[in-house]
Amino acid sequence: MAVTGWLESLRAAEKTALLQDGRRKVHYLFPDGKEMAEEYDEKTSELLVRKWRVKSALGALGQWQLEVGEPTPPGAGSLGPELIKESNANPIFMRKDTKMSFQWRIRNLPYPKDIYSVCVDQKERCIIVRTTNKKYYKKFSIPDLDRYQLPLDDSSLSFAHANCTLIISYQKPKEVVEAESELQKELKKVKTAHSSDGDCKTQ
């Protein structure tokens, strides 16, 4: 079963954990050299961040690629705040899950709700967002469903709009909810270091 297969690969990965600033940070190293870093809320076990890093063909470590969590503002840390503000009007796409749903937020979309169309594309295994005024178009996949090899279901998809933000929710299949619960049990077995100095393997 594909769900079991992905869960087993997580169990088999080399894991280190760190408790810092109210977050449990877990670093996974897979046999193929891929790395995954996750951050969970210590109290609720809610996933806050997931990112990936792979080695290049020459063996060099690449940049971390964010899958879940708030993206770092362009140029943050190297440019003054007055330069960062230039991109504030552009739509900002991010994923922020809940216990029972995959959820994405697209900020800086001021159009009313009836302008948006959000649907599943079964052939490409992705979700497509478009506006009738042709001002915005976005297509994105749900990597979790790909890893678990589960189908996309139109009836699991919903969206809302408030405060210039489009919120798209996709109800997690029961197989994913159960697998995530199993993973939390597994992570409790990982020896966790405590830190207050900012040093963490997931950075």
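**Exercise 1.** With which residue does Lys-185 form a salt bridge in this predicted model?

*Solution.* Start from the cut-off: a side-chain nitrogen of Lys or Arg must lie within 4 Å of a carboxyl oxygen of Asp or Glu. For Lys-185 the partner is Glu-182, with the closest N and O atoms 3.3 Å apart. Finally, check accessibility. Lys-185 is partly exposed at 48% relative accessible area, and Glu-182 is partly exposed at 29%.

**Exercise 2.** Determine which parts of the chain the salt bridge between Asp-146 and Arg-125 ties together.

*Solution.* The N to O distance for this pair is 2.9 Å. Asp-146 belongs to helix α3, while Arg-125 is in the loop between β8 (116-121) and β9 (126-131), so the bridge connects parts 21 residues apart in sequence. Asp-146 is partly exposed, with 34% relative accessibility; Arg-125 is partly exposed too, with 29%.

**Exercise 3.** Describe the largest pocket by its volume, its lining elements and its residue classes.

*Solution.* The volume is about 350 Å³. Lining it are 21 residues, and those closest to the centre are Tyr-40, Leu-47, Lys-172, Glu-180 and Gln-184. Elements giving two or more residues to the lining are α1 (2-12), β3 (35-41), β4 (47-53), α3 (143-148) and α4 (174-188). The most comes from α4, with five residues. Sorted by class, the lining holds nine charged, eight nonpolar and four polar residues.

Key:
Residues are numbered from 1 along each chain as its sequence is written. This is a predicted model: local features need pLDDT of at least 70, side-chain atom pairs count only at pLDDT 80 or more; totals for chains, interfaces and linings use all residues. Side-chain values use heavy atoms; hydrogens and water are left out. On a 1 Å grid over the protein atoms alone, a cavity is a set of points where a 1.4 Å probe fits but cannot get out, and a pocket is an open set with protein on both sides within 12 Å along at least five of seven lines; lining residues have an atom within 4 Å of a point. Grid points are joined across faces, edges and corners, and a volume is the space filled by probe spheres set on the points. Helices (H or I, at least four residues) and strands (E, at least two) are DSSP runs, numbered from the N terminus. Ala, Val, Leu, Ile, Met, Phe, Trp, Tyr, Cys and Pro count as nonpolar, Asp, Glu, Lys and Arg as charged, and the others, Gly among them, as polar. Buried means under 20% relative accessible area, exposed over 50%, partly exposed in between (1.4 Å probe, protein chains only).
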